[in-house]
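Please look over the sequence and the model shown here. The report that follows considers some strands and helices, and then a core.

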Amino acid sequence: MRAVRICLEKPALLKTQLRALYRAGMYGRLSIMYPMITSTQEIRELRCMEKEVKEELVREGIPFKEDIPTGIMIETPAAAVISDELAGLVDFFSVGTNDLTQYTLAVDRCRPGMKKFADPHHRAVMRLIEYTANNAHKAGIWIGICGELAADMSLTEKFIGMGIDELSVPPSLVLPLRERIRAMNLSK
């Protein structure tokens, strides 16, 4: 029981967080991203909660940002496989490569001795990412990658070729990643 499942089991917890996010949206740019999505039903339930929170804020006369972009993490094979359906319900995708690798390859990455089975470059993981990117773009939404693979510069060109729109990396890797991308563009 983690991530969005906790939020759906304890709606008061999520509603409190949504209220804060909608109010904070008045003072800066932000997006909402739901983790560990596995079904369209989860998104429908989340959308109902969003609507309820907005209605409460209106009734209470509290100013808030109405149109905050909402996306989901693609961290499970289930989400990747139904990404065509999910893409029509959200504004963006972010592929969580650490969890996607773990769940795709049936490897608990936190257990000693299992690391040798957790190949993030595995063809199945790459195919799921590419399939998801294609579905995102068909629906007109952007897709990013976070997790260790975003910073793996041996995959930068492959990700750009797949149509990945954003690579989320630690600050110390932003400049090297930019240099890598510039070098790719210069060679074409």
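How many of the residues of β3 are buried? Of its 5 residues, 5 are buried, so that β3 is mostly covered, where buried means under 20% relative accessible area, exposed over 50% and partly exposed in between, with a 1.4 Å probe and protein chains only. Helices (H or I, at least four residues) and strands (E, at least two) are DSSP runs, numbered from the N terminus. The model is predicted, and local features need pLDDT of at least 70, side-chain atom pairs count only at pLDDT 80 or more, and totals for chains, interfaces and linings use all residues. Residues are numbered from 1 along each chain as its sequence is written, and side-chain values use heavy atoms, with hydrogens and water left out.

From β3, the residues F92, S94 and G96 point one way, while F93 and V95 point the other way, and all are buried. The pairings of β3 are set out below; two strands pair if DSSP finds at least two bridges between them.

| Strands | Sense | Bridges | Residues standing opposite |
|---|---|---|---|
| β2 and β3 | parallel | 4 bridges | I74 and V95 |
| β3 and β4 | parallel | 5 bridges | F92 and W142 |

Helix α6 spans residues 97-104, and its buried residues are T97, D99, L100, T101 and Q102. These buried residues pack against β2 (70-74), α4 (77-81), β3 (92-96), α7 (123-138) and β4 (142-146), contact being heavy atoms within 4.5 Å. Just after α6, A106 has a positive phi of about 55 degrees.

Helix α7 has 16 residues and reaches 22 Å from its first C-alpha to its last, close to the 22 Å expected at 1.5 Å a residue, the expected span being 1.5 Å times one less than the number of residues. Its buried residues are V125, M126, L128, I129, T132, A133, N135 and A136, and the helix is followed by G140, whose phi is positive, near 80 degrees.

A nonpolar core is a set of buried Ala, Val, Leu, Ile, Met, Phe, Trp, Tyr and Cys residues joined through side-chain atoms within 4.5 Å. The largest such core has 48 residues, and those with the most contacts inside it are I72, L86, F93, I129, F159 and I164. To this core α7 gives the most, with 6 residues. Leaving aside residues up to four places away in sequence, I164 touches I129, A133, I143, G144, I145 and F159.
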